[in-house]
Structures are given as C-alpha cells and as structure tokens.
Amino acid sequence: MNTQHQITLAKRPEGLPGQEHFSFEKTDVPSPQKGEVLIQSIYISVDPYMRGRMEDTKSYVEPFQVGRVIDGGVVGKVVESESDKFSKGDYVIGHLGWKEYSTARESIIRKVDKNLAPLSAYLGVLGMPGLTAYFGMTDIGQPEDGETVVISGAAGAVGMIAGQIAKVHGAKVIGIAGSDDKVSLLKEDAGFDEAINYKTTSDIHTALREACPNGVDVYFDNVGGEISDAVYPLLNDFARIPQCGAISSYNKGGDDVGPRIQTYMIKARVRLQGFIVSDYADRFDEGAKQLGMWLQEGKLTYKETINEGFDKIPDAFLGLFSGENTGKQLIKVAEE
C-alpha cells in the first residue's frame with residue numbers, strides 16, 4: 001500500500017473526449033493528518049456533468065485542471081483514521097479523486113450503512129442521482145394524479161428514478177431511451193406506462209403524440225436537442241419542465257442551435273427551470289429519507305452498470321455518451 005494509481009486530466013477535449021484526455025499515474029499513498037482519514041476507494045462514480053468540467057469555462061462547478069486528479073463521487077472504506085468521528089473499517093461517501101486511496105477531512109465525508117442498502121446504492125438511488133430525480137420531480141415538476149409525464153434519458157440513473165417518483169404521484173409516465181432492452185426495462189421493471197426507442201423511431205414527435213394523446217404536463221429533460229424539440233409542441237397549458245441536463249450537446253463545439261422554443265413557452269404558459277442538485281443541499285436528509293422509504297416499500301427499483309477495475313474508469317465515462325450504461329454507471333475498484 002505504499003504506492004497507488006490515480007487518473008489526471010491530460011488535456012482538454014474538443015468535441016467527444018477520448019482515452020488521450022486521461023493520464024494514469026503512480027503516486028505515493030498519503031498519510032492522514034489530524035482530523036483526516038485515509039480511504040480506500042471501492043466504488044467510483046462517473047456522471048455526464050463531468051464532461052462540462054473538462055472545459056475551461058465558467059459553470060456552476062469549478063473545471064478540472066489539466067495535470068490534476070479528476071474527482072467525483074466515491075464510496076470507500078476507512079483504512080487509517082486520525083479523526084474522532086470515523087474509525088478504521090467505517091464505510092463512507094464523499095467527493096474524492098479518481099484514486100485508489102484518498103485522504104479526506106472529516107467534514108467532507110459521511111458514513112453509510114451497508115446493512116441498510118448496498119454500498120453502490122449510495123452513489124445512485126440514495127445518492128446524487130436519486131436526489132436529483134427527487135427534487136427535480138417533486139419540487140419543480142410537481143406531477144399530479146392523472147397527468148402525463150415524459151422523461152428523456154429515461155433509462156439513466158436520474159431518469160429511471162424520476163419516472164418512478166411520478167408514478168408514485170399517480171401520473172402516466174412515458175420514457176424515451178436508446179435501445180429496445182432499455183424500453184423493456186422501463187416498462188417491465190420500472191413501471192413506466194410506455195417507452196420509446198428514439199434510435200429506431202423514424203418520427204419521434206409522432207410517436208410521442210400517439211403515446212401522449214392528452215398532451216404533456218411535465219417534461220423531465222435530461223437530453224435536450226432534437227428529442228426536446230419534439231416534446232415542446234405537445235406541452236399542455238401550465239406544463240412544467242425540470243431542466244436537469246442536456247447530454248445531446250455536451251460534446252458539440254459552439255452553440256447548440258435548434259428550433260426557437262419561446263412561442264411554445266408563452267402559448268402554454270410553461271415553467272421551465274434549470275436546476276442542480278446542490279441547490280437543495282439543506283434538504284438532502286429529507287430526500288434521502290423519502291427515497292429510502294419508497295425503496296423499502298417496493299415503490300422504487302433501480303439498475304446499475306458496474307465495470308470492474310480501476311483502469312476501466314475512462315471507458316465507463318466515455319460510454320455515457322453512447323448510451324452503454326443502463327441506470328447508474330459505477331466502477332468497482334476494490335472489494336468491500
């Protein structure tokens with residue numbers, strides 16, 4: 001345990017990133033100082049928003065720095081402790097580096113209980129994706145009994161949970177995904193009323209109109225682009241759009257130009273609100289408690305795509321942009 005591997009940003013991408021934008025390095029395993037712990041990474045999360053951090057542009061989170069370790073959500077095990085709050089053997093979650101071992105201040109991590117849920121769940125349904133779905137759907141979308149909800153990127157970590165939350169509230173839910181297997185998963189496992197494979201549908205607007213004969217009351221958007229262009233004409237009066245992501249444009253250079261949406265927004269008096277999960281940081285306990293209850297009651301199911309091996313982290317990240325994952329994408333880098 002004297003040395004370890006870590007991954008840094010080798011250079012900034014233009015367009016779709018590739019392996020050449022990541023650098024594997026060997027470095028010494030650090031020792032924790034007073035108030036710190038040494039954590040062995042077990043599960044490392046990769047998420048679409050990380051693509052934006054590879055750009056040197058102003059955003060809601062600081063960009064990754066070239067030559068510095070990339071960071072994200074990690075669940076790990078405390079192997080050394082200089083903290084009064086954590087002991088060796090504790091399982092913790094935090095925003096840590098793409099490293100096999102990390103030191104962390106006690107203030108930036110929290111304990112998780114593997115007896116209540118699998119460790120991986122704390123990076124998915126009970127973590128950032130689940131909380132994003134919860135607050136985006138309940139606070140902005142506010143679905144009501146009998147309304148119609150459409151979700152783009154519906155087989156992803158956020159979309160799948162968002163759709164099930166809408167079902168809890170009595171809505172009809174239509175998901176948009178990128179394969180027949182994902183369509184079947186949404187309908188058979190996640191309880192969606194209908195799902196559409198946008199890759200094999202020649203006219204996505206017509207398919208949506210047929211699936212939503214009463215129009216669309218809530219559009220939970222993870223994708224943007226041409227799929228969203230097809231949804232806007234179907235929006236009912238006073239529809240709500242939680243704008244969670246726009247993955248279709250993340251690897252495009254320049255502006256993403258499409259049909260103008262203002263007329264649709266005005267005529268239907270639509271509320272479109274972009275949000276990030278950290279907006280609700282003071283309510284995370286509320287969200288996690290409710291998600292945990294729904295999970296125990298069998299009202300939520302979740303899927304994970306888990307790759308094994310530290311060297312598979314870049315592959316898993318790049319696969320997000322071609323839809324290789326179903327549900328939450330994780331990399332297992334050590335045994336529990």
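Q: Which residues lie nearest the centre of the second largest pocket?
A: Leu116, Tyr122, Leu126, Ala288 and Gly292 do, out of 14 residues that line this pocket. Keep in mind that we are reading a predicted model. The pocket has a volume of about 270 Å³.

Q: Which element gives the largest share of that lining?
A: Helix 8 does, with six residues. Both strand 7 (109-111) and helix 8 (284-296) supply at least two lining residues each. Sorted by class, the lining has eight nonpolar, four charged and two polar residues.

Q: Where do nonpolar side chains tend to be in soluble globular proteins?
A: They tend to be buried together. Here, the largest nonpolar core has 47 residues, and Met137, Val149, Ile151, Ile165, Leu186 and Leu291 have the most contacts inside it. Another core, of 29 residues, lies apart from it and includes Phe64, Val78, Ile313 and Val333.

Q: What does isoleucine 165 touch?
A: Leaving aside residues up to four places away in sequence, isoleucine 165 touches Ala133, Tyr134, Met137, Thr138, Leu291, Trp294 and Leu300.

Q: What does the side chain of aspartate 221 make a polar contact with?
A: Its partner is the side chain of serine 228, at 2.7 Å. Beyond four places in sequence, aspartate 221 touches several residues, among them Ser152, Tyr232, Ile241 and Cys244.

Terms used:
Residues numbered from 1 in each chain as written. Predicted model: local features only at pLDDT ≥ 70, side-chain atom pairs only at ≥ 80, totals over all residues. Heavy atoms only, no water. Polar contact = N/O pair within 3.5 Å; in protein donor to acceptor, adjacent residues only side chain to side chain. Contact = heavy atoms within 4.5 Å. 1 Å grid on protein atoms, 1.4 Å probe; cavity = no way out; pocket = protein on both sides within 12 Å on 5 of 7 lines; lining within 4 Å. Points joined across faces, edges and corners; volume = space filled by probe spheres on them. Helix = DSSP H or I, 4+ residues; strand = E, 2+ residues; numbered from the N terminus. Nonpolar A, V, L, I, M, F, W, Y, C, P; charged D, E, K, R; others polar. Core = buried A, V, L, I, M, F, W, Y, C linked by side-chain atoms within 4.5 Å. Buried < 20%, exposed > 50% of the residue type's maximum accessible area, 1.4 Å probe, protein only.
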